[in-house]
Amino acid sequence: MEAEEQLIERAKRDATAFGELYERYVDRIYNYIYYRVGNHADAEDLAARVFYRALGNIARYKQRGAPFAAWLYRIAHNLVANFHRDAARRREVPLDDIVAVAEKRAGPSQIAEQNEDARVVLEAMRALPAERQQIVILKFSEGLSNAEIGKLIGRSEGAIKSLYHRTLIALRAELVKRGAE
Amino acid sequence: MSSNMMTEVLNLQANQLNAGASASLEAVLNAPPEARAELSALMKLAARMKRWLIPVRPSSAYRARLRDGLQLAAGHQETHRALVETRPRVPQWGWLIGAAALGSAAGIIAMILRRRQTRKDASVAESAR
């Protein structure tokens with residue numbers, strides 16, 4: 001696989017190289033956005049915007065030691081923030097998206113219970129500050145280590161470690177507030 | 001149990017969850033009684049998060065559609081760049097207007113100075129007469 005730095009430089013002039021970067025990151029960016037907004041329709045829309053924006057700005061992108069993914073996550077983070085600011089678009093998580101999360105081997109009543117638990121937990125997570133949501137999504141959904149998360153959001157490994165602890169405390173408080181803990 | 005210690009235990013548990021192992025209760029049992037309830041609650045919560053934050057991927061149709069759209073946009077971008085780079089250089093109107101204004105001002109000043117000089121010469125000649 002071509003080194004990322006070379007691929008990025010090539011992507012500034014070559015559409016095929018940008019296509020390769022897209023293939024490398026589309027799943028991760030989509031996953032992150034999905035858990036931030038809670039439904040596929042908006043995740044598709046926002047993920048597309050992330051890559052169109054990246055394409056439009058890649059010529060000005062400068063490598064400063066942070067991974068390319070950090071730049072994409074930052075674009076995604078800003079677009080998700082704008083999305084949430086747009087009150088008109090705020091809505092409940094569609095049921096079909098929750099059903100997709102439930103474990104397939106469970107029976108109907110178990111599925112209902114699991115869906116409810118997933119809904120409660122994920123909604124509580126979305127009430128946390130953006131950075132804390134990012135930490136748990138990257139940790140549990142992407143399976144990244146504290147060091148990898150630190151590189152992506154520009155913090156030290158130790159900072160992520162303690163932020164993770166504080167995030168769990170905040171999440172628990174949010175669940176208690178909602179009567180779900 | 002200090003807060004730092006609890007942070008370590010929770011991070012260790014997160015690594016175990018990511019590795020597919022179920023969380024060990026050893027840490028909870030070893031914790032002092034006053035910290036046991038909190039540690040246990042946070043560990044259970046972490047396990048719930050891990051359970052529900054399953055990776056979600058876009059559909060292959062969406063991926064392909066977006067890729068095609070990006071290729072098209074990149075193509076337009078390349079064409080635009082090529083056009084801009086090969087376009088003959090047009091004079092920059094701002095500079096031209098500025099230079100013209102400066103030239104006119106210099107001309108007017110020269111004219112005024114010349115007129116003054118002429119008047120002065122005329123008055124000197126008149127007084128000499």
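Which helix gives the largest share of the lining of the second largest pocket? The answer is H4(A), with five residues.

## Before we start

This is a predicted model, where local features need pLDDT of at least 70 and side-chain atom pairs count only at pLDDT 80 or more, while totals for chains, interfaces and linings use all residues. Residues are numbered from 1 along each chain as its sequence is written, chains are lettered from A and ligands numbered from 1 in the order in which they are written, and side-chain values use heavy atoms, with hydrogens and water left out.

## The second largest pocket

Let's look at that pocket again. A pocket is an open set of points on a 1 Å grid over the protein atoms alone, with protein on both sides within 12 Å along at least five of seven lines; a cavity is a set of points where a 1.4 Å probe fits but cannot get out; lining residues have an atom within 4 Å of a point. Grid points are joined across faces, edges and corners, and a volume is the space filled by probe spheres set on the points.

The second largest pocket holds about 310 Å³ of space. Its lining has 15 residues, and Tyr61(A), Ala66(A), Ala70(A), Trp71(A) and Arg74(A) lie nearest the centre. Helix H4 (68-85) and helix H8 (146-153) of chain A each supply at least two lining residues; helices here are DSSP runs (H or I, at least four residues), numbered from the N terminus. Domain 1 (4-88) and domain 2 (107-177) of chain A both give residues to this lining, so the pocket lies between them. The domain bounds come from an automatic or database domain assignment.

## Where the two chains meet

With contact meaning heavy atoms within 4.5 Å, 55 residues of chain A and 41 residues of chain B take part. About 4300 Å² is buried between the chains, and carbon and sulfur atoms give 58% of that area. Buried area is the accessible area (1.4 Å probe) that two parts lose on being put together, summed over both.

The second largest cavity has about 60 Å³ of space. Residues from both chains line this cavity, including Phe18(A), Leu55(A), Gln77(B) and Arg81(B). The largest share, four residues, comes from H4(B).

Side chains of opposite charge can pair when their charged atoms come close.
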